Amino acid sequence: MPKVLVVEDESKIARFLELELTHEGYQVKAVGDGRSGLAQAAEWKPDVMILDLMLPGLSGIEVCRRLRQSEKELRLPILMLTAKDDISDKVMGLDMGADDYMTKPFAIEELLARMRVMLARSARGRTPPDETLSAGTLTLTPRSHEASLNGTLLSLTKKEYDLLLCLMRHAQEALTRDFLLENVWGYSYDGDNNVVDVYVRYLRNKIETIKGERYIHTIRGVGYMFRFEQE
Ligand code: CA
């Protein structure tokens, strides 16, 4: 069952969430401050985090920011909780990379429903370590960080590999430059999003070398889509 990390300093709410989520069959761990939340996110590797905004020491926003900065491929879904119905906190939380947001008091059914959506969304983005992604003659093995084309190992830089992995995991989806930037370069990347176009060009030069085989398509006004096509 999915693991839920609850980071909440109000013990009544933490206890309530623990009981309800356990009852629903989740594995639950609850901690009462931001630093423990960060530590448990790294050690226990939860599938989703319920994060209170107002915490002693590190605030929920700061926890969110640090998590997003340290993450590479796997993005931990975060549902933020706050006592205040304050639009600026909400915007701030979402800016820092929270996936969803609820104001206390909340209905447990709604929280469960939103958590399910977040888990389903993130399950799609995760590849079991043994899995191989392939399309056409292109194969990518996340475990060994290798990609090959028509049986020949490709020489990709770290960023090229990360970009290809992201594109292949979201095959058939139109992805915006911002999405790719956030997922490949990280939320803290502070530069031009033209870097995406540049790297797509590098990748195309390496993977579209077989006549008639196309993998990365430009979606006008949106960004890019990974889809194997043979002319
Ligand atoms: Ca609190």
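# Questions and answers on the model

Colleague: What does aspartate 9 count as, with its 35% relative accessibility?

Modeller: The relative accessibility of aspartate 9 is 35%. A residue is called buried under 20% relative accessible area, exposed over 50% and partly exposed in between, using a 1.4 Å probe and protein chains only. At 35%, therefore, aspartate 9 counts as partly exposed.

Colleague: What kind of model is this?

Modeller: Residues are numbered from 1 along each chain as its sequence is written, and side-chain values use heavy atoms, with hydrogens and water left out. Local features need pLDDT of at least 70, side-chain atom pairs count only at pLDDT 80 or more, and totals for chains, interfaces and linings use all residues, for this is a predicted model.

Colleague: Which residues are the protein donors of the calcium ion?

Modeller: Donors are N, O and S atoms within 2.8 Å of the metal, or within 3.2 Å for Na, K and Ca, and water is not among the atoms, so sites may look incomplete. Along the chain the donors of the calcium ion follow the spacing D-x42-D-x1-M. Lying 2.1 to 2.3 Å from the calcium ion, they are Asp9 (OD), Asp52 (OD) and Met54 (O).

Colleague: How many residues apart in sequence are the parts that aspartate 9 and aspartate 52 tie together?

Modeller: Helices (H or I, at least four residues) and strands (E, at least two) are DSSP runs, numbered from the N terminus. Aspartate 52, which counts as buried at 2% relative accessibility, lies in strand β3 (residues 48–52), whereas aspartate 9 lies in the loop between β1 (3–7) and α1 (11–23). The pair therefore ties together parts whose separation in sequence, in residues, is 43.

Colleague: Which strand pairs with β1 in the parallel sense?

Modeller: Five of the five residues of β1 are buried, so β1 is largely enclosed by the rest of the structure. In a regular strand the side chains alternate between the two faces of the sheet, and here Lys3, Leu5 and Val7 point one way from β1 while Val4 and Val6 point the other way. Two strands pair if DSSP finds at least two bridges between them. Valine 4 stands opposite valine 28 in β2, and the strand that pairs with β1, over five bridges, is β2.

Colleague: How far apart are the centres of domain 1 and domain 2?

Modeller: The chain is divided into domain 1 (3–124) and domain 2 (133–230), with bounds that come from an automatic or database domain assignment. Taken over C-alpha atoms, the separation of the two centres is 31 Å.

Colleague: Which strands are the edge strands of the open sheet of four strands?

Modeller: The open sheet has the order β6-β7-β8-β9, with antiparallel pairing. Between β6 and strand β7 (residues 138–141) there are three bridges, and serine 134 stands opposite threonine 139 in β7. The edge strands, each of which pairs on one side only, are β6 (133–135) and β9 (152–153).

Colleague: At about what angle to β7 does α6 run?

Modeller: Axes are lines fitted to C-alpha atoms, for helices over the stretch in contact, and angles run from 0 to 180 degrees between N-to-C directions, where contact means heavy atoms within 4.5 Å. Helix α6 lies across β6, β7 and β8 (146–149), and its angle to β7 is about 105°.

Colleague: How far apart are the end C-alpha atoms of α6?

Modeller: Ten of the twelve residues of α6 are buried, so α6 is largely enclosed by the rest of the structure, and among these buried residues are Tyr161 and Cys166. The expected span of a helix is 1.5 Å times one less than its number of residues. For the twelve residues of α6 (residues 158–169) the span should be 16 Å, which agrees with the distance between the end C-alpha atoms, 16 Å.

Colleague: What is the phi of histidine 145, about?

Modeller: Most residues other than glycine have a negative phi, and most peptide bonds are trans. Lysine 45, in the loop between α2 (34–43) and β3, has a positive phi near 50°. Histidine 145 lies in the loop between β7 and β8, and at 41% relative accessibility it counts as partly exposed. Although histidine 145 is not a glycine, its phi is positive, at about 60°.

Colleague: Which proline is joined to lysine 104 by a cis peptide bond?

Modeller: The proline has its place in the loop between β5 (100–103) and α5 (108–125). With omega at about 0°, the cis peptide bond joins lysine 104 to proline 105.
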